[in-house]
Amino acid sequence: MKLLIKGGHVVDPANRRDGRTDILIDRGKIVDVHASILADGAKTIDASGKLVTPGFVDLHTHLREPGREDKETIETGARAALRGGFTTVCAMPNTTPAIDQRGTVDLVHREAERLGLVTVKVVGAITRGRAGNELTDFAELFDAGCVALSDDGSAVANGFLMRRALEYAKLFGRPLIQHAEEPTLFANGVMNEGLVSTTLGLRGIPGESESVMVARDIALAELTGGWVHVAHLSSAKSVEMIRQAKRRDVRVTAEVTPHHLALTEEAIGEFDTRAKVNPPLRAEEDRQALIEGLRDGTIDCIATDHAPHTDWEKEADFDSAPFGISGLETALGVCAHTLIAPKLLTWPQLIERLAVNPARIAGIEAGTLNIGAWADVAIIDPNATWTVEPKHFSSKGRHTPFAGRQLPAAVVTALHHGAEAGR
Amino acid sequence: MATEHAEQTAQWTKKDLLGLRHLTPEEITLVLHTAASFRDISLRPIKKVPALRGKTIVNLFFEPSTRTRTSFELAAKRLSADIVNIAAAGSSLSKGETVLDTVRNLEAMKVDVLVVRHAAAGVPHLIAQHAASSVINAGDGAHEHPTQALLDLFTMHEKKGRVTGLQVSIIGDIAHSRVARSNIWGLTKLGARVTLCGPPTLIPPHVEQLGQGGVRVTHQLEEAIRGADVLMLLRIQHERQEAQLVPSLREFRLHYGITRERLASAKPDVLIMHPGPVNRGVELDSDVADGPYSVILDQVTNGLAVRMAVLYLVSGASRGDHEAAD
Ligand SMILES: [Zn+2]
């Protein structure tokens, strides 16, 4: 069965395409990309007035399965991904049990393949049980298909162990994703340390909790030649250190979330747990530095850190509520609002950071509309405005600081391997 | 009581009392004025008026505090309300029942006012969002303790005849103090100037920006004492030493403890205030705590009148029955 996407404005930065183009899909793969394609008998999607882009790739998704299926399942997470235009997600290993051996990797892959909704790649743990003491069997995990390793949720605090991990990971040419947080400086904080934390009497987390760990990891990457990818950057100092390290050709890459680009600590207002994330939302100077870092290539890509939680956990006092928000379904709208509307990025630049670069870091064939590639496609209405209504999310996680906000640019549909979302 | 805002134009329109940060100077003055009219009830042989008869008040204390709980309990009883004390588990999440579960259960029993104390900042706000009952914050983490600050303001006004223009020095652990924050809002709104004093480890970032420019910070105790009309001492918790915020309580006393010798440089009519319980020999020496400048017990007495006023106002009684307050 052939499928023709007709009349859309194709934005495919990997192929330097930015204009009206038709796309023909056959048996799930892209077979033709041309100004005007005539295909008898093909089902046609009229994409006029829409943007047609590669499906987005999320390097940082918490699917919660196995272990916390009350928060999210691979199925609900995959449906949320498609709604958000993501056709590939990388599942973080802080599940219960942690994804630290082949059996658990296989379990996630099997369930994702059974569903066939999106491509699910797995990020394995760096240490057994994410306990920070002993390295996992890297070869086994990469052989099972892991695209990277990370103890996300916490940092690898032990510098010696991180050094060995970076050295050993060189065998596989894959990155270690560091949740950059110096745990003693984090000190059980619950939000950014600053005027808002002082006003509310909440324990603060200084930006240095992150930048000190980023500095250490840059030094270790330089020492070992290993590849460190810094997750969810939040502070201006971290951005500047990565910028300098990249100038010295240190093997370091980095990501930023839509919410850190869009919001500051002010979003917490009066104890709004929907703005409780880790790393915390920081000050306006930090937000500006993150945007500049994303513009100049210091920060390689946008990742959602989609972290769904149940109502009963999130509707608690600020100290007890877990960190994290639902991010897959709002990512594009938030990025369009924060980056496209004020002309900080063009559409091709945004798609590069949502699709091309994360696919490159994950080492997977995705993020392009190459002929012969799987037809993973997002169709976007750039002129739409829509209101964030968490009760209509596909994700079980209904907590977002963007609830009720009007956002531009709606994902009309996403195709995974040529099949339309949810069908 | 004649206050700076002598025109008594403010009306209490709020369902809850969560903190002083969002009160207007007029609303604060209204509470103080109402408290003045209630104070004499405690001096009568029959210490009871029917102002809140038929109302049910719950002292919902997730963190123990005998002083504050007793003060609210007596205040409620003097207004003829029914009051129930509930000591709830510290972190109920770990026990499977959430704070909101507890509140929903209480609301199912049709209560009117919830007086909430919790070790975590923001819990009264969370409850107020979900409860139909009025919520009074009786201290939330390191955030606010509005009735304490109101009784402090009341006591200063009683002793000095004004709050506007007073120089108030708050000394000790500002970072973890709900009393300090509520007092910063309350004092600056009424036109007092606040000096915060303590070692840098106990002063939170950007605290000078609270209270519309009426706040300054010093790390030198002499500067905090000189020219101050009020010295408000805060309790230094032993945990602060364990967290390396002060090397030792002995060292704290050496640099920041109020001794009789240090008071020699104070104004002759300085007031010594402390929210209690006093850590004798640490932030305050015994001879100062019990000395002529100390108004610590007046604070306790006034606390009762202030809490009566707050219970009365949030219960909406002022909008109907005026018999007790006039
Ligand atoms: Zn993380």
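This is a predicted model: local features need pLDDT of at least 70, side-chain atom pairs count only at pLDDT 80 or more; totals for chains, interfaces and linings use all residues.
Where is the place of Pro279(A)?

Pro279(A) sits in the loop between α9 (258-262) and α10 (284-295) of chain A. Another cis peptide bond joins Glu65(A) to Pro66(A), with omega about 10 degrees. Pro66(A) belongs to the loop between β6 (56-61) and α1 (74-83) of chain A.

Next, backbone phi. Asp305(A) is not a glycine, yet its phi is positive, near 55 degrees. You will find Asp305(A) in the loop between β15 (301-302) and α11 (311-314) of chain A. Asp305(A) counts as buried because its relative accessible area is 9%, and the cut-off for buried is under 20%. Lys343(A), also not a glycine, has a positive phi of about 60 degrees. Lys343(A) is in the loop between α12 (331-340) and α13 (347-362) of chain A. With 70% relative accessibility, Lys343(A) is exposed.

Now the zinc ion. Its protein donors are Asp152(A) through OD, His179(A) through ND1 and His232(A) through NE2, at 1.9 to 2.2 Å. Along the chain the donors follow the spacing D-x26-H-x52-H. Asp152(A) and His179(A) are 27 residues apart and link distant parts of the chain. Asp152(A) comes from the loop between β9 (148-150) and α4 (159-169) of chain A, and His179(A) from the loop between β10 (176-178) and α5 (183-186) of chain A. Both Asp152(A) and His179(A) are buried.

On to chain B, and its sheet. It is an open sheet of 5 parallel strands, in the order β7-β6-β5-β8-β9 (chain B). β7 (215-218) and β9 (271-273) of chain B are the edge strands, each pairing on one side only. Inside the sheet, β5 (residues 167-171) and β6 (residues 193-197) of chain B run parallel and are joined by 5 bridges. One of the bridge pairs is Gln167(B) with Arg193(B) in β6(B). Helix α5(B) packs on the sheet, touching β5, β8 (230-233) and β9 of chain B, and its direction makes about 165 degrees with that of β9(B). Helix α6 (residues 178-189) of chain B also packs on the sheet, touching β5, β6, β7 and β8 of chain B.

Last, one residue of α5(B). Pro146(B) lies in this helix, residues 146-160, and is buried, with a relative accessible area of 0%. Its contacts beyond four places in sequence include Leu17(B), Asn137(B) and Ser182(B). Pro146(B) and Ser182(B) are 36 residues apart along the chain, but their C-alpha atoms are separated by 5.6 Å.

How values were computed:
Residues are numbered from 1 along each chain as its sequence is written. Chains are lettered from A and ligands numbered from 1 in the order in which they are written. Side-chain values use heavy atoms; hydrogens and water are left out. Helices (H or I, at least four residues) and strands (E, at least two) are DSSP runs, numbered from the N terminus. Buried means under 20% relative accessible area, exposed over 50%, partly exposed in between (1.4 Å probe, protein chains only). Contact means heavy atoms within 4.5 Å. Two strands pair if DSSP finds at least two bridges between them. Axes are lines fitted to C-alpha atoms, for helices over the stretch in contact, and angles run from 0 to 180 degrees between N-to-C directions. Donors are N, O and S atoms within 2.8 Å of the metal (3.2 Å for Na, K and Ca); water is not among the atoms, so sites may look incomplete.
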